[in-house]
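Have the sequence and the 3D view open side by side while reading. The text below goes through the strands and then the ligand.

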Amino acid sequence: MMNMYTQISDIKTINLPKFEDIRGNLSFIEEEKHIPFKIERTYWIYDVPGGQVRGGHAFKNQQELIVALSGSFDVVVDDGKVKQTFSLNRSYYGLYIPAGLWRQMQNFSTNSLAMVLSSTHYAENDYIHDYSEFLKFKNA
Ligand code: TYD
């Protein structure tokens, strides 16, 4: 129920641990420590042709952390009133998006790799694909 009240201000940019080393850098994520949820699923988006847009939808329950493991892309998030664009281009920070926000991913650079850590298994019935339905959900 409370997911309908989430706002842009509930989004957080999370700085991840980074071990700099002459052999190469290392970062990591531990569930419920660096991110406020348990990870039930990980997926990634890659080989995105120039100009393509992914993920124009909202989730009713799923929380997520999005990390640009490689390259760069923008995440546009909308809470039904305010819209904000976050640019991701480093593998040592992520964007935490709580449930109940409309988001899409765009402006993928060549060879970009978007990793998404999700708090739920895949569930089609958690998606809101229709923007007017999303606004009804937010105003219910
Ligand atoms: P979808 O989330 O709709 O991608 P986008 O919003 O970026 O277009 O997922 C695309 C397809 O992949 C969809 O048919 C469902 C399937 N899918 C899974 O089976 N499991 C998953 O974890 C995800 C994210 C998608």
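This is a predicted model: local features need pLDDT of at least 70, side-chain atom pairs count only at pLDDT 80 or more; totals for chains, interfaces and linings use all residues.

Residues are numbered from 1 along each chain as its sequence is written, and side-chain values use heavy atoms, with hydrogens and water left out.

Begin with the sheet. Strands are DSSP runs of E with at least two residues, numbered from the N terminus, and two strands pair if DSSP finds at least two bridges between them. Strands of a sheet pair through backbone hydrogen bonds, either parallel or antiparallel. Here 5 strands make an open sheet with antiparallel pairing, in the order E8-E7-E10-E5-E12. Its edges are E8 (83–88) and E12 (127–128), each of which pairs on one side only. Inside this order, E5 is joined to E10 (residues 102–106) by 3 antiparallel bridges, and Ala58 faces Trp102 of E10 across the pairing.

Next, find strand E9 (residues 93–97). Because 5 of its 5 residues are buried, E9 is largely enclosed by the rest of the structure; buried means under 20% relative accessible area, with a 1.4 Å probe and protein chains only. In a regular strand the side chains alternate between the two faces of the sheet. In E9 both faces are covered: Tyr93, Leu95 and Ile97 are buried on one side, and Gly94 and Tyr96 on the other. E9 pairs with strand E1 (residues 12–15) in the antiparallel sense over 4 bridges, where Asn15 has Tyr93 as its bridge partner. Strand E6 (residues 64–70) also pairs with E9 in the antiparallel sense, over 4 bridges, and there Glu64 stands opposite Ile97.

Now turn to the ligand. Which residues are around the ligand? They are Arg41, Tyr43, Arg54, Gly55, His57, Tyr122 and Tyr127, counted when a heavy atom lies within 4 Å of it. E4 (41–46) and E5 (54–59) each supply at least two residues of this shell, and the largest share, 3 residues, comes from E5.

A polar side-chain atom of Arg41 is 2.4 Å from a ligand oxygen, one of Tyr127 is 2.5 Å from a ligand oxygen, and an N or O atom in the side chain of His57 is 2.7 Å from one. Taken alone, the ligand exposes 530 Å², of which the protein buries 56%; accessible areas come from the Shrake-Rupley method with a 1.4 Å probe.

Technical notes: Buried means under 20% relative accessible area, exposed over 50%, partly exposed in between (1.4 Å probe, protein chains only). A polar contact is a pair of N or O atoms within 3.5 Å; within protein, one must be able to donate a hydrogen and the other to accept it, and residues adjacent in sequence count only if both atoms are side-chain atoms.
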